[in-house]
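Reader: Hi! Could you walk me through a few spots in this structure?

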Amino acid sequence: MFERRAYMLDVSRDRVPTLETLEWLVGVLAILGFNELQLYVEHTFAYSGHEVAWRESSAFTAEDMQRLNHICHMKGIELVGNMNCFGHMERWLAHERYREMAECPNGAPSPFGEGTIRPTCLAPTAENARFGVSLAREMAKAIPHPRIHIGGDEPFELGDGVSADVVAERGRQSVYVEHLNRIIEPLMADGHDVMFWADQFRRDRSLLDKIPAAAMPVVWNYEAPSHQSWGSFLPAGLLDRLGLPDDAHLGFESHARLFIEAERVFWVAPGTGSWNTLIGRNRNAAGNIIDAAAVGQAHQSPGFLLTDWGDNGHFQPLPVSLPSIVRAGAAATGRPVPSHPEVGERIDEIIGCQMGIGALIDRLGDIGESLGLISINGSPIFYALCATAFGSYGEFDEEAVRGSLGVLAEADERFSEPIGGSRGAIVAAEMRSACRLAELGLRRLAAEHGLGVPAPDADELADAAQAQRAAWLLSSRPGGLDDSISKLIL
């Protein structure tokens with residue numbers, strides 16, 4: 001059993017849940033054996049003096065966090081602050097007030113391939129470090145836990161702009177570590193236990209000695225072990241910027257290797273696999289969770305952090321993640337990961353709904369991986385419906401496609417009727433909307449592959465977008481909704 005069994009929910013990629021939704025989630029986590037909740041924040045906390053960054057996002061206030069902290073305490077869950085203050089700052093840098101803080105104020109070549117990306121990374125300056133520390137301190141006041149997660153992952157543009165000369169002279173990773181320390185050390189001096197994402201430490205072991213020993217690296221990986229090299233899916237530049245080991249496809253042992261060799265304590269962070277999918281990616285998530293737990297336990301990791309991201313509009317509602325949350329709860333508490341029937345039964349109990357609903361939710365999460373196509377960090381169904389940097393490879397399986405359309409039709413019928421439970425109406429509406437989008441994505445994909453399936457027309461897509469709006473507002477705040485919908489290819 002891991003000492004710390006944490007779940008992290010992305011509340012910055014458009015979807016900001018209501019406090020009522022978070023109260024329900026805390027109850028679910030407590031039932032499943034988790035003892036910690038982290039909310040990943042970029043711009044969705046009401047930082048004082050920075051209203052321009054968060055005013056359109058339905059941001060959490062300090063009072064919201066204090067209320068959530070009380071809810072967590074009543075259920076035996078600890079609330080821990082989780083944020084970013086280096087990379088992934090695009091929602092800040094989109095505003096003129098902050099633009100000059102960027103590494104590349106006018107954008108940079110995309111690490112995902114052709115074209116450019118808008119500014120996402122702060123320049124590694126002392127002034128920007130002080131800015132990051134100030135954000136962390138304000139978060140720590142609202143969430144009075146000894147630990148805080150400062151992020152620090154994926155500084156894509158680092159070395160392409162303001163820091164180009166110093167990076168050329170000293171190396172990209174050395175400049176990165178120096179800046180991260182400018183944030184870590186003042187917070188540790190304040191008495192905080194600091195956590196950070198460890199992706200920039202996967203290639204050079206010498207860098208580990210430059211980070212305070214008391215700071216906690218969190219090793220993340222969201223793909224199950226595979227024999228298929230990621231070089232087939234990701235641009236070479238992205239592999240480099242992510243700092244991935246050459247054998248990253250083999251799983252957590254590869255991602256954590258340098259920490260293991262250095263005898264450096266680390267947390268493991270698998271994922272629910274639900275982002276970029278609409279309805280889940282449960283086979284991959286199960287393998288990823290089992291792998292993370294095995295490696296973490298083998299090397300005495302004190303913490304297991306299940307991440308639930310919202311990349312590209314956070315279309316998936318929370319019920320889509322329930323199968324992975326159930327599996328992760330078992331793995332983190334040292335129990336065998338349950339079978340498909342057991343997962344379904346557990347979900348039925350959690351929702352308090354009719355028997356079979358949980359099994360259907362779990363079954364839906366297998367569709368994207370049954371089509372004969374291989375995708376990384378998402379599902380080919382999602383990639384057909386939303387513009388992203390990733391794609392799919394392989395041979396399309398016509399029989400599987402037609403069978404999957406049948407499953408989605410069954411789900412549409414099941415979720416159009418009451419399913420029972422105090423939250424049943426919300427779950428049904430959210431899942432029906434997600435399934436409708438998935439059906440349209442699958443039909444578009446099938447039509448593109450010449451399978452004789454009619455592609456969705458404009459009216460169908462518009463109706464599905466409207467249904468998504470209505471379902472979203474049942475569990476989430478309005479801020480970010482328009483931005484999310486805009487990512488659909490209508």
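This is a predicted model: local features need pLDDT of at least 70, side-chain atom pairs count only at pLDDT 80 or more; totals for chains, interfaces and linings use all residues.

Reader: Good to know. Let's start with helices: at what angle do the axes of α14 and α15 cross?

Author: The axes of α14 (residues 340-351) and α15 (residues 357-364) cross at roughly 125 degrees, and they come within 6 Å. Angles of 65 to 115 degrees would count as roughly perpendicular and those over 145 as roughly antiparallel, so α14 and α15 are oblique to each other.

Reader: And is that crossing of α14 and α15 left-handed or right-handed?

Author: The crossing of α14 and α15 is right-handed.

Reader: Nice. Which residues meet there?

Author: From α14 you have His340, Val343, Gly344, Ile347, Asp348 and Ile351, and from α15 they meet Ile357, Gly358, Ala359, Ile361 and Asp362. Sorted by class, that contact has six nonpolar residues, three polar ones and two charged ones.

Reader: Which strands does β7 pair with?

Author: One partner is β6 (residues 147-149), which runs parallel to β7 and is joined to it by three bridges. Another is β8 (residues 216-220), also in the parallel sense and over three bridges.

Reader: While we're in β8, I was looking at Pro217. Buried or exposed?

Author: Pro217 sits in strand β8, and it is buried, with a relative accessible area of 0%.

Reader: What is Pro217 in contact with, leaving aside neighbours within four places in sequence?

Author: On that basis, Pro217 is in contact with Phe196, Ala198, Phe259, Arg264, Val265, Phe266 and Trp267.

Reader: And how are Pro217 and Gly191 placed, C-alpha to C-alpha?

Author: Those C-alpha atoms are separated by 17 Å, and the two residues are 26 apart along the chain.

Reader: Okay, how about β2? Which residues are on each side of it?

Author: On one side of β2 are Glu36, Gln38 and Tyr40, and on the other are Leu37, Leu39 and Val41. In a regular strand, side chains alternate between the two faces of the sheet. Both faces of β2 are covered, and six of the six residues in β2 (residues 36-41) are buried.

Reader: What about pairing between β1 and β2?

Author: Strand β1 (residues 4-10) pairs with β2 in the parallel sense, over five bridges. In that pairing Leu9 stands opposite Leu39.

Reader: Back to a helix, then. Where is Trp24, and what does it touch?

Author: Trp24 is in helix α1 (residues 19-32). Not counting residues up to four places away in sequence, Trp24 touches Leu318, Leu322, Ile350 and Arg423.

Reader: Why does Trp24 count as buried?

Author: Buried means under 20% relative accessible area, and Trp24 is at 16%, so it counts as buried. Its C-alpha atom is 9.8 Å from that of Ile71, 47 residues apart along the chain.

Reader: Last one: where does Ser110 lie?

Author: Ser110 lies in the loop between β4 (108-109) and β5 (116-117). This serine is buried, with a relative accessible area of 13%. Setting aside residues up to four places away in sequence, Ser110 touches Gly115, Thr116 and Ile117.

Definitions and conventions: Residues are numbered from 1 along each chain as its sequence is written. Side-chain values use heavy atoms; hydrogens and water are left out. Axes are lines fitted to C-alpha atoms, for helices over the stretch in contact, and angles run from 0 to 180 degrees between N-to-C directions. Helices (H or I, at least four residues) and strands (E, at least two) are DSSP runs, numbered from the N terminus. Angles under 35 degrees count as roughly parallel, over 145 as roughly antiparallel, 65 to 115 as roughly perpendicular and the rest as oblique. A crossing is left-handed if the near helix is turned anticlockwise from the far one by less than a right angle, and right-handed if clockwise. Contact means heavy atoms within 4.5 Å. Ala, Val, Leu, Ile, Met, Phe, Trp, Tyr, Cys and Pro count as nonpolar, Asp, Glu, Lys and Arg as charged, and the others, Gly among them, as polar. Two strands pair if DSSP finds at least two bridges between them. Buried means under 20% relative accessible area, exposed over 50%, partly exposed in between (1.4 Å probe, protein chains only).
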